[in-house]
Every structure is written in C-alpha cells, then in structure tokens.
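Student: I would like to learn how to read a structure like this one, one feature at a time. Could we begin with charged side chains?

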Amino acid sequence: MPSPYPTPTYKANFRRGTLAPRWQARHRDRLAARARRRGIGAGAKHRFAFRDRLLATLVHLRHGLTHDVVAAWFGVHRSTITRSVAEVRPLLAERGCRVPDGVRLRTLADVVAYLGHHPRALMDVTEVRVRRPVEGRAGRDRFVSGKARLNTMKALVICDPAGRLLFCGETRPGSMHDLTQARTAGLVDLLLHAPIGVQILADAGYQGLGTDTAGAVITPRPKPRKGQKSLPLSVIAAHDAARKRHSSQRIRVEHVIGHLKNWRILARYHGRRESFDATIRAIAGLLSDHQHTDRNEDTTMRLKALPATAHS
C-alpha cells in the first residue's frame, strides 16, 4: 500500500543488502569515467569484500577508531580503510531516517510532508567539536561557536514526540546562530506552505521563527527583562509553569542528541570538516534503524524455566 504522503524518498532496507549493488554500480561508473580504460577482466581484483568494507566503516563510526587501528584489525593497509570509508559513508548518508511505515526521510521537504499526517515534532541543534583550521587560512573564525567557545560544526535535529529521529543534517559552521541556520536551510518557506496544524517545538534560540512561520514553530515564553516592571506573582508563576511545561515536552530531542553523541566519532570529530555532514547523516540513518528495530524478535533469548526445588 503506498504511503499517504507524497515523499520521493529512498525505501531501501539496510538488512536486505541493497547497499552492495549501489556500491558496485558506482565503482563501475568510476571506472567508465576514466579517460584510459582497461580491457574487460583486466586490473586488480578486490580482496577486501564489500561486507568487510561496510563492517570497517561501521566500526570507524561507532567507536571512532583511527584508520590505522581498523586496518590492523582487518589485516589490510591503511589506505584501503580510508578508501573504503570514503566509498561506504556516502551510501549510508543517502539512506535518510526511517519512519514507522518504512519510508525514509532524507530532506527537510520530506520531513514537512511527513508532518502533514503526523503534525507534531521537536527541533534542536547539536554542536560537535571539530579541528581548528590552520593559521592564515581565510574564514578561520567562522567555526568558533559563541556558546561553546570552541571550533564546532552544528547540525539540525528533528524528531517526533516519541523520540524517533526524523532528520539530522543541514550542517553549518559553529559561528552561525541556530535561527539563521534554520532560515538558510529553507525551513521557513517549507513551513509556510505546510498543512494547517503542523507544530514544531523548539527552544528559546528560535524565538521569532514562530512569527515567520505563521505559528508553526512554538518557542517558550521569553523571560522578563531586567528593566521590566514587576509583574503580579500569579502571572510570574503562570509564565514559569508554561516554560517548564514546554521544556518537559521537548526533552525527547535532547535524548536523541545524546544517542547521537554515543557514537564515539561525534564526541570530537577529528576528520575533515568537509566530510562531517555525510558522517552525521550516516549515523542518523543507522540510529533511526535501531530505534525501529523490534528487539523482541530474533534479538532476545527466551528465559528457561528454573527447575523446581525439592522440598525437604
């Protein structure tokens, strides 16, 4: 039965081995694009199978091991692991995040279309520390985060009220404000054309976005200013209760960010900043698969009944 919302997303299942044909097809395209071609059957043969390449990439992403360590484990050269990660990581990143009916969401447009039938979502930004650009390079300060006071890159994270990941991407340098990131990603235009009733809960960093999106983005009530006249205690208590209620409703997205940071490579990203977007999107796709896995099916062992004790 087709999906009720029109999202042209990739519906491949990770368990069915659909990544291997795509990797082989891209490998053939790379060989065909060369100016100098070899004869059919010529050239070196792959001794490092795709299954091992995929496993090496997963180990690198999950545990943050260097390519030298992974190469020593698999008994290959470091350059083989580097090439394998560079080939498999984009395939994982293109899968997108899985939703309950099996459709995958890869872009913000897919997420907004999905919210047309599931109207509530939570939004936040996560920052990951990255390597500092070399001295003298142009734009060196644009990665410095005003909040963390470190060189970071930030990614937009959207999940549903149950804490299931819907989107992670649109990475930007750490100096960019959260509100500016959402605007440059095109989220405002998408929400203006979204179905009526779509609501996205966000933190105080997105104040003003609710006006831009006709109320689609909900932020907490602002705190009283320092120069503001004292308000009645009942009004202050109502404001505090509304802020706490909003914070408790969006705590799920903080848990999702915590699950993303459990992947060791995101604790502090030591790779090239150009590959950070593909890395975090690949991890998001894998995490969404894990969230929709039935852990009671083929993953748990049935407890054996204990033998009855003999009464004396």
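Tutor: A salt bridge is counted when a side-chain nitrogen of Lys or Arg lies within 4 Å of a carboxyl oxygen of Asp or Glu. Side chains of opposite charge can pair when their charged atoms come close. Here the side chains of Arg26 and Glu94 meet in such a bridge, at 2.6 Å from N to O. Because Arg26 belongs to helix H1 (residues 19-32) and Glu94 to the loop between helix H4 (78-93) and strand E1 (97-98), the pair ties together parts that are 68 residues apart in sequence. Helices (H or I, at least four residues) and strands (E, at least two) are DSSP runs, numbered from the N terminus.

Student: Before we go on, what kind of model is this?

Tutor: It is a predicted model, in which local features need pLDDT of at least 70 and side-chain atom pairs count only at pLDDT 80 or more, whereas totals for chains, interfaces and linings use all residues. Residues are numbered from 1 along each chain as its sequence is written, and side-chain values use heavy atoms, with hydrogens and water left out.

Student: How many salt bridges does the structure hold, and which residues are linked in a network?

Tutor: The structure holds 15 salt bridges, and a network of them links Arg22, Arg26 and Glu94. Another bridge joins the side chains of Arg53 and Glu87, at 3.4 Å from N to O. This pair links distant parts of the chain, with Arg53 in helix H2 (residues 50-63) and Glu87 in helix H4, 34 residues apart.

Student: Is Arg53 buried or exposed?

Tutor: Buried means under 20% relative accessible area, exposed means over 50%, and partly exposed lies in between (1.4 Å probe, protein chains only). Arg53 is buried, with a relative accessible area of 3%, and Glu87 counts as buried at 16%. Arg26, by contrast, is partly exposed at 32%, as is Glu94 at 25%.

Student: How should I read pairs of aromatic rings?

Tutor: Rings of Phe, Tyr and Trp (its six-membered ring) pair if their centres lie within 6.5 Å; planes under 30 degrees apart count as stacked, those over 60 as edge-to-face, and the rest as tilted. By this rule there are four aromatic pairs. Trp23 and Phe50 form a tilted one, with 5.4 Å from centre to centre and 35 degrees between the planes. Since Trp23 lies in helix H1 and Phe50 in helix H2, this pair ties together parts that are 27 residues apart in sequence. Both Trp23 and Phe50 are buried. The rings of Trp73 and Phe74 have centres 5.2 Å apart and planes at 50 degrees, so this pair is tilted. Trp73 is exposed, with a relative accessible area of 56%, while Phe74 is partly exposed at 21%, and ring pairs link Phe48, Trp73 and Phe74 into a cluster.

Student: Finally, what is the order of the strands in the open sheet?

Tutor: Two strands pair if DSSP finds at least two bridges between them. The open sheet has five strands in the order E5-E4-E3-E6-E7, with mixed pairing. Strand E5 (165-173) and strand E7 (217-218) stand at the edges with a single partner strand each, so one side of each is left without a neighbour in the sheet. Strand E3 (residues 120-129) pairs with strand E6 (residues 199-201) in the parallel sense over three bridges, and Arg120 stands opposite Gln199 in E6.
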